[in-house]
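Here is a short report for a first look at this structure.

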Amino acid sequence: MKSKLLFIVVLFLIAGNKANAQIDTLNVYLEKNKEYKYGVDLVFENNSNDTIFLSTKFRNFSLGGEIPHSPGICIYFYCNDKEFTFNWGELPPLVFPFSKKFALINPKSEVKFLFDIGEYFKFPEKSFDKYEVSFFINYIFAKYMSSELPTNITYFETNRVTMVEPSEETEINNQ
């Protein structure tokens with residue numbers, strides 16, 4: 001009876017240890033890029049104690065249609081908190097070009113991928129309106145050198161980043 005009780009206690013300790021073990025934490029968000037006027041940085045922040053392997057090949061989901069489960073980015077545009085659509089023009093990119101096909105993110109660190117939205121869309125220099133962007137993103141990551149299956153995150157929306165602030169100067173000139 002004692003050995004059975006001891007076995008059950010050990011089993012709960014092992015299960016409890018796994019339940020309290022650190023789970024991979026990868027925060028994803030946008031921040032305004034300081035060098036490019038209409039640039040945003042797509043930031044992947046690793047808060048775990050593991051090195052993370054991240055696939056960085058993202059398809060362009062902004063062209064319409066149903067969003068598949070594969071890694072990709074759909075750009076959402078907002079004008080005064082209302083969603084709108086930009087015209088991509090004749091040759092929209094099918095894949096967003098980041099420098100590498102994958103990234104290794106060390107524990108407690110981050111990687112940033114520059115995304116120059118001004119390369120694809122023309123925002124007004126001055127406006128009465130506030131223009132913002134956010135990404136609706138699917139991505140895949142895994143613990144580096146782990147036999148565990150990769151984690152597939154689908155349908156995640158980032159924070160919004162302001163591209164154009166309403167200009168008081170424009171309001172004064174138009175009165």
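Two strands count as paired if DSSP finds at least two bridges between them. The model shown is predicted. In this model, S1 and strand S2 (residues 39–46) pair in the antiparallel sense, over seven bridges.

Charged pairs come next. Side chains of opposite charge can pair when their charged atoms come close. The structure holds eight salt bridges. The table lists some of them, including one formed by Glu31.

| Pair | N to O distance |
|---|---|
| Lys112 and Glu31 | 2.5 Å |
| Asp50 and Lys143 | 3.8 Å |
| Glu110 and Lys112 | 3.8 Å |

Asp50 lies in the loop between S2 and strand S3 (52–55), and Lys143 in strand S10 (residues 131–143), so this pair ties together parts 93 residues apart in sequence. Asp50 is partly exposed, at 25% relative accessible area. Lys143 is partly exposed too, at 23%.

Lys112 has a relative accessible area of 40% and is partly exposed. Glu110 is partly exposed at 36%. A network of salt bridges links Asp81, Lys130, Glu132 and Arg160.

How many disulfides does the structure hold? It holds zero. Cys74 counts as buried because its relative accessibility is 8%, under the 20% cut-off. Cys79, at 17%, also counts as buried.

Technical notes
Residues numbered from 1 in each chain as written. Predicted model: local features only at pLDDT ≥ 70, side-chain atom pairs only at ≥ 80, totals over all residues. Heavy atoms only, no water. Disulfide = S-S within 2.5 Å. Buried < 20%, exposed > 50% of the residue type's maximum accessible area, 1.4 Å probe, protein only. Helix = DSSP H or I, 4+ residues; strand = E, 2+ residues; numbered from the N terminus. Salt bridge = Lys/Arg side-chain N within 4 Å of Asp/Glu carboxyl O.
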